Amino acid sequence: MMSHRTGRRPRPIAALAALAAVLVLLGAAGRASADGDPASDYLTYQKVFLPFDPKVSSGLQLELLKLTNEAADQSYPIRVAIIGSKIDLGAIPQLFGKPQVYARFLYQEISFAYQGQLLIVMPQGLGSVGPVSPDIVKRALAGITVDPNAGPDGLARAAIEAVNRIAVEAGHPLGGGGGSMGTILAAVGAAVAIGGAIGFALWRRTRRPSAPAP
């Protein structure tokens with residue numbers, strides 16, 4: 001006779017999906033940290049690249065992801081790379097401290113898959129390239145400073161301010177959508193996507209252009 005256990009509840013599907021996403025992201029981070037240019041692998045499939053260590057606080061991560069998801073929903077995409085140290089640049093540490101130079105280099109790296117706006121945030125300042133008019137970007141970024149004593153959270157706050165201001169100056173103000181559940185689902189989807197594409201991303205390294213002279 002078949003018996004049935006009682007008193008046990010199945011683990012929610014959402015919890016399993018979240019766990020799978022975390023495991024995929026951890027694996028991707030380990031592989032990308034050894035890559036020539038880690039952010040190029042991340043931003044090919046995700047909207048935000050964050051420093052490896054120390055990390056941005058979870059609340060600011062979600063706020064930045066929510067903004068980039070909302071911008072994409074409005075057909076006005078922007079992707080963000082927060083570079084906290086030379087380690088985040090992999091094999092091109094000479095571009096640390098040169099956010100605009102790195103913005104041009106990274107944009108070339110990911111342009112086969114993404115042609116929206118790209119924002120770079122470093123302790124030394126911000127850089128941005130893409131379809132938004134340079135005059136609009138210059139006006140939007142004017143006056144934004146990075147707190148050198150706030151660590152990665154200071155970089156994230158500058159990124160959030162910059163994303164909002166670029167959107168406002170371009171006539172696409174953000175802040176009206178993208179609930180928490182939508183953000184979580186988007187994060188899970190992004191994790192699964194990059195997990196399935198890591199092999200292709202690593203293969204791309206052999207086709208990358210040389211870094212520009214500092």
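This is a predicted model: local features need pLDDT of at least 70, side-chain atom pairs count only at pLDDT 80 or more; totals for chains, interfaces and linings use all residues.
Good morning. Let me begin with confidence. The protein has an average pLDDT of 77, and 65% of the residues score at least 70. Confidence is highest in β3, at 98, and lowest in helix α1, residues 13-32, at a mean of 43. The pLDDT is below 50 over residues 13-34, a stretch that has 25 contacts in the model beyond near neighbours in sequence. Residues 187-207 also have a pLDDT below 50, and there the model shows 34 contacts beyond near neighbours in sequence.

I turn now to helix α6. This helix covers residues 151-169, which is 19 residues.

Which residues of α6 are buried? Among them are P152, D153, G154, L155, A158, V163 and I166. The buried residues of this helix pack against α3, β2, β3, β4 and α5.

That brings me to the largest nonpolar core, which has 29 residues. Those that touch the most other members are L64, I82, L119, V121, L126, L141 and V163. Two or more residues come from each of α3, β2, β3, α5 and α6. Of the elements, α6 gives the most, with nine residues.

Consider V121 as an example. Leaving aside residues up to four places away in sequence, V121 touches A81, I82, I83, L126, V146, L155, A158 and A159. Apart from this core lies another, of 22 residues, including L89, Y107, I110 and M122.

Thank you for your attention.

Methods. Residues are numbered from 1 along each chain as its sequence is written. Side-chain values use heavy atoms; hydrogens and water are left out. Helices (H or I, at least four residues) and strands (E, at least two) are DSSP runs, numbered from the N terminus. The expected span of a helix is 1.5 Å times one less than its number of residues. Buried means under 20% relative accessible area, exposed over 50%, partly exposed in between (1.4 Å probe, protein chains only). Contact means heavy atoms within 4.5 Å. A nonpolar core is a set of buried Ala, Val, Leu, Ile, Met, Phe, Trp, Tyr and Cys residues joined through side-chain atoms within 4.5 Å. pLDDT is the predictor's confidence in each residue, from 0 to 100.
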